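Thanks for coming. I will go through one model today, beginning with the ligand site and then turning to the sheet.

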Amino acid sequence: MKICIVDTTFARIDMARYAIEVLQNLMPDAVIVRRTVPGIKDIPVEIKTLMQREGCEAGMVFGWVGRSLVDKISYAVYSLALQLVQLELGRHIIDVTVHEDESESEEELYRIAADRARKHAENLYLLLRRPEELVRRAGTGRRQGYPDAGPIMGGYG
Ligand SMILES: Cc1nc2c(=O)[nH]c(=O)nc-2n(C[C@H](O)[C@H](O)[C@H](O)CO)c1C
């Protein structure tokens, strides 16, 4: 089992290292192949060609989006491209992205980034190895980077 990972030099936190720790713990048999590109718009072609060349079962990508409108437009373009790559390959590529304006505090941004990377690595493990556990978690308000929102209990319908 191979997992492909692509991140960027634009990012201000090494998010991939947190995800790799979790993946190695949950899937010690998995081989992890990692590449780094300048920014998010360079990720789609890199993750696609890497997954095709390496035969990865799935991928994870780590992006950092700046505060400006042009940054956010770049993210929208990248996000669509990533969807197309997943559809073309028929493979999951988990998109771990931190938006720099999610917090004014660098400490909080660090916490968000590490939590999101770790939880999405667990999500990838569940997608690949424990799909029934994800079904069990349906509708439970899970979040990455923040505490879970939790489920809205019945009794309203
Ligand atoms: C405007 C902009 N914003 C971001 C960003 O928020 N995050 C990021 O990772 N990269 C950004 N880039 C750079 C592009 O992703 C890419 O690296 C360059 O256009 C070179 O291909 C650009 C050009």
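The model is predicted: local features need pLDDT of at least 70, side-chain atom pairs count only at pLDDT 80 or more, and totals for chains, interfaces and linings use all residues. Residues are numbered from 1 along each chain as its sequence is written, and side-chain values use heavy atoms, with hydrogens and water left out.

Now the polar contacts, meaning pairs of N or O atoms within 3.5 Å. A ligand oxygen is 2.6 Å from an N or O atom in the side chain of Asp42, and a ligand nitrogen is 2.8 Å from one in the side chain of Asp71. Taken alone, the ligand exposes 480 Å², of which the protein buries 71%; areas are Shrake-Rupley with a 1.4 Å probe.

On to the sheet. Helices (H or I, at least four residues) and strands (E, at least two) are DSSP runs, numbered from the N terminus; strands pair if DSSP finds at least two bridges between them. Four strands form an open sheet in the order 2-1-3-4, with parallel pairing. Strand 2 (31-37) and strand 4 (93-99) are at the edges with a single partner strand each, so one side of each has no neighbour in the sheet.

How values were computed:
A polar contact is a pair of N or O atoms within 3.5 Å; within protein, one must be able to donate a hydrogen and the other to accept it, and residues adjacent in sequence count only if both atoms are side-chain atoms.
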